[in-house]
Amino acid sequence: MNTNTSFLTWSEKDTERSALWRSDQNRPARVVLADDTLSADAAYRLACEGTGLLWRGDFQNARQLLQAMARRIDKPQKAKRKKTDAAAPMPGAAFHTHRQAQAQRTRVLSQVLIELNGDYSIALRRAPDATQACAQAFGPATGEASVISLRALQGVIGAFEWRKNGVEVPALGESLRIHPHYGVFSPLRGEYVDLVAKAPLPSALKEHSVAFDIGVGTGVLSVVLARRGVQQVVATDMAERALVCARDNLQRLGLQNQVQLLQTDLFPPGQAALVVCNPPWLPARPTSVLEQAVYDEGSQMLKGFLGGLKAHLCEGGEGWLILSDLAEHLGLRSRETLLGWIADASLKVLGRLDVKPVHGKTRDETDPLHAARAAEVTSLWRLGVAD
């Protein structure tokens, strides 16, 4: 996965140019200049070949071109999906076919490219002012030109609006909002937050009022724990973006003194009466920074949490594992496997709270994974140290 350390080169007006490449996707093998004269069919064909289309026309026309390309790539995908789903010879086959189609779609649609000036401005007709959005996503402008895919730029602008307006989280009460930053997963699916807000707190907190929040993200679960009366929360994450985002939200809500943030992998030092973890739910390889909140290759974070939990629980403490069973319905992981990992970590199940998700995909029958999504249950597993 690329980061903002590579450069894209192209030829323009008999001059070779280069600019910083801002994308999780691989750089195009070839770049051509494109403008309003390029047809959607020609753009789609070039993009499928891996050719980057550096846009020099009207910005709004580029948006329309991207939509036209999306319609073209979605048509054959539907027919192919129907044929593949009918066979589905192996566990997880429908999911892996869907992921391959998603990856191909992303590769093709990421070939429409936009150049950002050194101050993040865009020198195209009818271009939006994305300077503030880019500064929030990438840091202060350095005067160095860069190139970003139009899809990624739309994500940056969208993230800027989410951060500005915030996301209302009913479990927090009083219409409080969490403000997600670019590259940090938004708590739009509130059912897992509701579980943490409603689960009975372990009695060990009365003597040792310390909780760990493993993988803090936006900080939403730390906020819930702090507002439920936990005197000290230690929240960890490996991603600097997540820690900055969590710090921002904690300061907005006046909880910065109650929650300590630490950049580390999984557990902080010491023990707690409550350790909460909401790991990525699907064992698959993420292809972008944002996908790291959804996909966990080899279930490494899940297994790491279970394997280290016992050593970080004080006497009578509990570990709360928030996990969807979507992976089970997709044939990616069995319930027996999960229970085996729990037992192997010298843990036992003290109880479980379940909730049915209510997001739109559970009702979208055109979704290739609809059957699994419709059956999905999100659970909070209360885990303790086995006798």
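This is a predicted model: local features need pLDDT of at least 70, side-chain atom pairs count only at pLDDT 80 or more; totals for chains, interfaces and linings use all residues.
Residues are numbered from 1 along each chain as its sequence is written, and side-chain values use heavy atoms, with hydrogens and water left out.

**Salt bridges.** I found 18 salt bridges in the structure, each a side-chain nitrogen of Lys or Arg within 4 Å of a carboxyl oxygen of Asp or Glu. Arg189 pairs with Glu376, with the closest N and O atoms 3.0 Å apart. I placed Glu376 in the loop between α12 (370–375) and β15, and Arg189 in the loop between β8 (177–178) and α6 (191–198), 187 residues apart. Helices (H or I, at least four residues) and strands (E, at least two) are DSSP runs, numbered from the N terminus. Glu376 is buried, at 0%.

**Arg17.** I then looked up Arg17, which bridges Glu12 at 3.5 Å and Glu115 at 2.6 Å, N to O. Arg17 lies in strand β2 (residues 15–22) and Glu115 in strand β5 (residues 112–116), 98 residues apart. Arg17 is partly exposed at 28%, whereas Glu12 is buried at 15% and Glu115 is buried at 10%. Shared partners join Glu12, Arg17, Arg56 and Glu115 into one salt-bridge network.

**Helix α9.** I listed the buried residues of α9 (residues 300–309) as Leu302, Phe305, Leu306, Gly308 and Leu309.

Definitions and conventions:
Buried means under 20% relative accessible area, exposed over 50%, partly exposed in between (1.4 Å probe, protein chains only).
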